[in-house]
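Q: I would like to learn how to read a few features of a structure, taking one residue or one pair of elements at a time. Could we go through them together?

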Amino acid sequence: MDKMNRSKDELVQSFPVALHDDVRIALSILPEGRYSHFFSLHLGEEPLSIPRRIYFDPPFLQTVRLTERQSQLLDCSFTRHHDGIVRQKHLARIIRSQNIWVPCFVVPLVGEYVVQILQLIHENLPHLDASPYADFVRANPEFLELTDKRVNSYWDCYYRSIPKKEYPGFLVLDFLKSLAKNGDQ
(Lines give C-alpha, C1' and ligand atoms only; values in the text may rest on other atoms or scores of the structure.)
Protein backbone atom coordinates (compact mmCIF):
# COMPACT_ATOMS: atom_id res chain seq x y z
CA MET A 1 0.00 0.00 0.00
CA ASP A 2 1.32 3.45 -0.97
CA LYS A 3 2.12 5.44 2.16
CA MET A 4 -0.24 8.20 0.96
CA ASN A 5 -3.14 5.80 0.26
CA ARG A 6 -4.37 4.44 3.53
CA SER A 7 -7.63 3.08 4.78
CA LYS A 8 -10.09 5.07 6.86
CA ASP A 9 -9.31 2.65 9.69
CA GLU A 10 -6.04 4.50 10.18
CA LEU A 11 -7.89 7.80 10.47
CA VAL A 12 -10.07 6.27 13.21
CA GLN A 13 -6.90 6.03 15.33
CA SER A 14 -6.88 9.85 15.50
CA PHE A 15 -9.57 9.66 18.16
CA PRO A 16 -10.05 7.94 21.53
CA VAL A 17 -11.21 4.33 21.41
CA ALA A 18 -14.50 5.28 23.08
CA LEU A 19 -15.40 7.33 19.97
CA HIS A 20 -14.40 4.84 17.28
CA ASP A 21 -17.97 3.81 16.41
CA ASP A 22 -18.99 7.45 15.89
CA VAL A 23 -15.79 8.16 13.96
CA ARG A 24 -16.47 5.25 11.59
CA ILE A 25 -20.00 6.54 10.95
CA ALA A 26 -18.69 10.07 10.31
CA LEU A 27 -15.96 8.82 7.98
CA SER A 28 -18.40 6.57 6.10
CA ILE A 29 -19.70 9.57 4.14
CA LEU A 30 -16.22 10.21 2.73
CA PRO A 31 -14.67 8.52 -0.26
CA GLU A 32 -11.39 6.74 0.28
CA GLY A 33 -8.77 9.43 0.61
CA ARG A 34 -5.10 9.94 0.91
CA TYR A 35 -3.27 10.86 4.08
CA SER A 36 0.30 11.92 4.60
CA HIS A 37 2.39 10.67 7.50
CA PHE A 38 0.83 10.49 10.89
CA PHE A 39 2.17 12.04 14.09
CA SER A 40 1.58 10.86 17.65
CA LEU A 41 -0.14 12.69 20.47
CA HIS A 42 -1.67 11.62 23.75
CA LEU A 43 -5.12 12.23 25.10
CA GLY A 44 -4.35 11.57 28.73
CA GLU A 45 -2.62 8.19 28.62
CA GLU A 46 -4.24 7.15 25.34
CA PRO A 47 -2.02 7.41 22.24
CA LEU A 48 -3.55 8.94 19.11
CA SER A 49 -2.20 8.88 15.57
CA ILE A 50 -3.17 12.00 13.62
CA PRO A 51 -2.47 12.59 9.93
CA ARG A 52 -0.31 15.53 9.02
CA ARG A 53 -2.58 16.13 6.01
CA ILE A 54 -5.65 14.60 4.44
CA TYR A 55 -6.38 14.81 0.72
CA PHE A 56 -10.03 14.61 -0.23
CA ASP A 57 -12.87 17.04 -0.64
CA PRO A 58 -14.98 17.79 2.41
CA PRO A 59 -18.59 16.62 2.22
CA PHE A 60 -21.41 19.10 2.16
CA LEU A 61 -24.96 17.75 2.00
CA GLN A 62 -24.19 14.28 3.36
CA THR A 63 -23.42 15.63 6.85
CA VAL A 64 -27.15 16.14 7.49
CA ARG A 65 -27.47 12.55 8.68
CA LEU A 66 -24.66 12.84 11.25
CA THR A 67 -25.14 13.54 14.95
CA GLU A 68 -23.58 16.68 16.41
CA ARG A 69 -20.72 14.60 17.85
CA GLN A 70 -20.10 12.85 14.51
CA SER A 71 -20.07 16.22 12.73
CA GLN A 72 -17.52 17.54 15.21
CA LEU A 73 -15.35 14.48 14.70
CA LEU A 74 -15.45 15.10 10.96
CA ASP A 75 -14.64 18.79 11.52
CA CYS A 76 -11.65 17.75 13.62
CA SER A 77 -10.43 15.51 10.79
CA PHE A 78 -10.75 18.36 8.31
CA THR A 79 -8.49 20.60 10.41
CA ARG A 80 -5.80 18.36 8.87
CA HIS A 81 -6.88 19.12 5.27
CA HIS A 82 -4.23 20.13 2.75
CA ASP A 83 -6.04 23.43 2.00
CA GLY A 84 -5.63 26.12 4.67
CA ILE A 85 -9.04 27.63 3.91
CA VAL A 86 -10.69 24.25 4.59
CA ARG A 87 -8.65 23.88 7.82
CA GLN A 88 -9.75 27.33 8.95
CA LYS A 89 -13.43 26.71 8.16
CA HIS A 90 -13.53 23.47 10.14
CA LEU A 91 -11.49 24.94 12.99
CA ALA A 92 -14.07 27.72 13.33
CA ARG A 93 -16.74 25.04 13.88
CA ILE A 94 -14.91 23.29 16.73
CA ILE A 95 -12.74 25.95 18.38
CA ARG A 96 -15.17 26.56 21.25
CA SER A 97 -16.06 22.92 21.76
CA GLN A 98 -15.57 21.53 25.25
CA ASN A 99 -14.91 18.01 23.99
CA ILE A 100 -11.65 16.73 25.39
CA TRP A 101 -10.31 15.50 22.05
CA VAL A 102 -10.59 18.90 20.30
CA PRO A 103 -7.23 20.28 21.54
CA CYS A 104 -5.54 17.37 19.74
CA PHE A 105 -6.64 19.07 16.51
CA VAL A 106 -6.41 22.73 17.52
CA VAL A 107 -2.92 22.79 19.03
CA PRO A 108 -1.19 21.29 15.95
CA LEU A 109 -2.57 24.22 13.94
CA VAL A 110 -0.60 26.61 16.16
CA GLY A 111 2.61 25.21 14.70
CA GLU A 112 1.58 25.93 11.12
CA TYR A 113 2.19 28.91 8.88
CA VAL A 114 -1.34 30.16 8.07
CA VAL A 115 -1.59 33.37 10.09
CA GLN A 116 -5.37 33.59 9.64
CA ILE A 117 -5.73 30.28 11.49
CA LEU A 118 -3.47 31.56 14.26
CA GLN A 119 -5.59 34.71 14.50
CA LEU A 120 -8.77 32.62 14.76
CA ILE A 121 -7.28 30.60 17.62
CA HIS A 122 -6.00 33.73 19.35
CA GLU A 123 -9.37 35.50 19.06
CA ASN A 124 -11.07 32.52 20.68
CA LEU A 125 -8.71 32.07 23.64
CA PRO A 126 -11.07 33.88 26.06
CA HIS A 127 -13.86 31.47 25.08
CA LEU A 128 -11.93 28.20 25.37
CA ASP A 129 -12.51 25.74 28.14
CA ALA A 130 -8.93 25.82 29.44
CA SER A 131 -9.16 22.47 31.23
CA PRO A 132 -8.86 20.17 28.16
CA TYR A 133 -6.05 22.37 26.82
CA ALA A 134 -4.21 22.16 30.14
CA ASP A 135 -4.62 18.37 30.07
CA PHE A 136 -3.32 18.33 26.49
CA VAL A 137 -0.16 20.33 27.24
CA ARG A 138 0.55 18.20 30.33
CA ALA A 139 0.19 14.98 28.28
CA ASN A 140 2.24 16.30 25.31
CA PRO A 141 5.17 18.41 26.55
CA GLU A 142 7.42 17.34 23.66
CA PHE A 143 4.76 18.33 21.16
CA LEU A 144 4.40 21.75 22.80
CA GLU A 145 8.17 22.19 22.52
CA LEU A 146 8.05 21.22 18.83
CA THR A 147 5.15 23.62 18.28
CA ASP A 148 7.20 26.39 19.90
CA LYS A 149 10.05 25.72 17.46
CA ARG A 150 7.67 25.74 14.51
CA VAL A 151 6.07 29.03 15.55
CA ASN A 152 9.52 30.60 15.87
CA SER A 153 10.61 29.23 12.52
CA TYR A 154 7.51 30.37 10.60
CA TRP A 155 7.61 33.79 12.23
CA ASP A 156 11.29 34.11 11.31
CA CYS A 157 10.66 33.05 7.69
CA TYR A 158 7.40 34.78 6.87
CA TYR A 159 6.20 37.20 9.54
CA ARG A 160 9.21 39.08 10.93
CA SER A 161 7.45 42.33 10.03
CA ILE A 162 5.01 41.58 12.86
CA PRO A 163 6.54 42.23 16.28
CA LYS A 164 6.79 39.04 18.35
CA LYS A 165 4.57 40.53 21.06
CA GLU A 166 1.79 40.94 18.46
CA TYR A 167 2.23 37.77 16.42
CA PRO A 168 -0.74 35.47 17.18
CA GLY A 169 1.41 32.33 17.18
CA PHE A 170 3.47 33.61 20.11
CA LEU A 171 0.36 34.85 21.92
CA VAL A 172 -1.29 31.43 21.66
CA LEU A 173 1.96 29.74 22.73
CA ASP A 174 2.09 31.99 25.79
CA PHE A 175 -1.45 30.87 26.66
CA LEU A 176 -0.55 27.19 26.24
CA LYS A 177 2.69 27.55 28.23
CA SER A 178 0.81 29.27 31.05
CA LEU A 179 -1.52 26.26 31.16
CA ALA A 180 1.49 23.96 31.37
CA LYS A 181 2.85 25.97 34.31
CA ASN A 182 -0.41 26.74 36.11
CA GLY A 183 -2.40 23.66 35.20
CA ASP A 184 -5.59 25.57 34.36
CA GLN A 185 -6.96 29.08 34.08
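A: Let us begin with one residue and its surroundings, bearing in mind that this model is predicted. Leaving aside its neighbours within four places in sequence, S14 is in contact with L48, S49, I50, P51 and F105.

Q: Where is S14 found, and is S14 buried or exposed?
A: S14 lies in the loop between α1 (8-12) and α2 (20-27). Its relative accessible area is 1%, and because buried means under 20%, S14 counts as buried. The C-alpha atom of S14 is also separated by 8.7 Å from that of C104, although these residues are 90 residues apart along the chain.

Q: How should I read D9, and which helix is D9 found in?
A: D9 belongs to helix α1, and with a relative accessible area of 49% it is partly exposed. Between the C-alpha atoms of D9 and R24, which are 15 residues apart along the chain, the separation is 7.9 Å.

Q: What describes two packed helices?
A: Two packed helices are described by the angle between their axes and by the distance between those axes. Here, helix α7 (residues 130-139) packs with helix α8 (residues 141-158) at an angle of about 95 degrees, and their axes are 5 Å apart. Angles of 65 to 115 degrees count as roughly perpendicular, so α7 is roughly perpendicular to α8.

Q: Which residues make the contact of α7 with α8?
A: From α7 come F136, V137, R138 and A139, while α8 provides P141, F143 and L144. The residues of this contact divide into 6 nonpolar, no polar and 1 charged.

How values were computed: Residues are numbered from 1 along each chain as its sequence is written. This is a predicted model: local features need pLDDT of at least 70, side-chain atom pairs count only at pLDDT 80 or more; totals for chains, interfaces and linings use all residues. Side-chain values use heavy atoms; hydrogens and water are left out. Helices (H or I, at least four residues) and strands (E, at least two) are DSSP runs, numbered from the N terminus. Buried means under 20% relative accessible area, exposed over 50%, partly exposed in between (1.4 Å probe, protein chains only). Contact means heavy atoms within 4.5 Å. Axes are lines fitted to C-alpha atoms, for helices over the stretch in contact, and angles run from 0 to 180 degrees between N-to-C directions. Angles under 35 degrees count as roughly parallel, over 145 as roughly antiparallel, 65 to 115 as roughly perpendicular and the rest as oblique. Ala, Val, Leu, Ile, Met, Phe, Trp, Tyr, Cys and Pro count as nonpolar, Asp, Glu, Lys and Arg as charged, and the others, Gly among them, as polar.
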